[in-house]
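Here are some exercises to work through with the structure in view. Try each task yourself before you read its solution.

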Amino acid sequence: MNKQELTEQIKLKRSFLCVGLDTDPKKMPQCVFDLHDPVYEFNKAIIDATAPYCVAYKPNLAFYEAYGLKGMESFVKTIKYLKERHPHHLIIADAKRGDIGNTSQMYARTFFEEYDVDALTVAPYMGEDSVTPFLQYEGKWVVLLALTSNKGSEDFQLTPLHTPLIGRWGPGNFKGERLFEKVLKTSQQWGTDENMMYVIGATQGRLFEAVRDIVPHHFLLVPGVGAQGGSLEEVCHYGMNDECGLLVNSSRGIIYASQDDHYAEIAGNKARELQQQMDEELKKRGI
């Protein structure tokens, strides 16, 4: 799915919701455990209930890898189901890969050839040669970690990179570019807004302004709305561009909204509530 197609889906559905499939058997309703593959059946029910209200799904690999081959079988079946039954939804594998070049090539082959997902989250810490192998696949997206929603993001991502002003090394003669800004600026030499998105946490508030100053046209994948305390209205106010440019993810607030037999219906209702809020935010921007 290219950028134009994704934007069209947002306008058509009046939604920029991404549903996170962080599927944890310890949190699933008891009724699914009588089925052959509880994780897959849970995912399938959640997908069918929420598909009218979202434009993307984001399975988190950790929740499948934790159960070995059986968990990965559930992941593969989920991807196949999405492609067959809901082909107009973007599929983002949240795996946060990134390693030296030849290893990244194998990760890219795994997700873009073997699993055939549309997008993959990638960690940029090891630099250009660890990211560019993922960008060689036409029609696929790299979703680069830039400014995340967790508390520990302050440890490194907000660190000022003190650059001496030309010819002046005395105290106070420094300008501060923060690490996340360096990531945003440097990575634009590797990809474009047609094949690269950025992860920006919903809890970062007005820092979305700094992000948009650097990447005004890129899509932003925004986790942290709901359970992590991020505000959808604030994200839209500071982060939305003229084409929307946002994919706002909600995981726990939707898929675990209920533990009874009607869990899928309740999840659909939660997704619809978010879609309605998103429709209002799109209208504010004249989209």
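**Exercise 1. Find how many salt bridges this predicted model holds, then examine the one between Lys3 and Asp193.**

Step 1. The predicted model contains 16 salt bridges.

Step 2. Lys3 and Asp193 meet through their side chains, with an N to O distance of 3.2 Å. A salt bridge requires such a nitrogen to be within 4 Å of a carboxyl oxygen, so this pair qualifies.

Step 3. Now place the partners: Lys3 belongs to helix α1 (residues 3-13), while Asp193 sits in the loop between α8 and β8. They are 190 residues apart, and the pair links distant parts of the chain.

Step 4. Is Lys3 buried or exposed? Its relative accessible area is 8%. Buried means under 20%, so Lys3 counts as buried.

**Exercise 2. Look at the salt bridge of Glu41 and Lys44, and decide where its partners lie.**

Step 1. The side chains of Glu41 and Lys44 meet at 3.4 Å, N to O.

Step 2. Both residues lie in helix α2, three residues apart, which is about one turn of the helix.

Step 3. Glu41 has a relative accessible area of 23%, and Lys44 has a relative accessibility of 23%.

**Exercise 3. Work out which helices are linked by the salt bridge of Glu233 and Lys284.**

Step 1. The closest N and O atoms of Glu233 and Lys284 are 3.8 Å apart.

Step 2. Lys284 has 57% relative accessibility; exposed means over 50%, so Lys284 counts as exposed.

Step 3. Salt bridges with shared partners also join Arg14, Asp279, Glu280 and Lys283 into one network.

**Exercise 4. Describe the surroundings of Cys236.**

Step 1. Cys236 is in helix α10 (residues 232-239).

Step 2. At 3% relative accessibility, Cys236 is buried.

Step 3. Leaving out residues up to four places away in sequence, Cys236 touches Phe16, Leu246, Glu281 and Arg285.

**Exercise 5. State the order in which the strands close into a barrel.**

Step 1. Eight strands take part, in the order β1-β2-β3-β4-β5-β8-β9-β10, with parallel pairing.

Step 2. From one strand to the next, the twist averages 30°.

Step 3. Helix α2 (residues 38-50) packs on the sheet and touches β1 and β2. The direction of helix α2 makes about 170° with that of β1.

Key: Residues numbered from 1 in each chain as written. Predicted model: local features only at pLDDT ≥ 70, side-chain atom pairs only at ≥ 80, totals over all residues. Heavy atoms only, no water. Helix = DSSP H or I, 4+ residues; strand = E, 2+ residues; numbered from the N terminus. Buried < 20%, exposed > 50% of the residue type's maximum accessible area, 1.4 Å probe, protein only. Contact = heavy atoms within 4.5 Å. Pairing = 2+ DSSP bridges. Axes fitted to C-alpha atoms, helices over the stretch in contact; angles between N-to-C directions.
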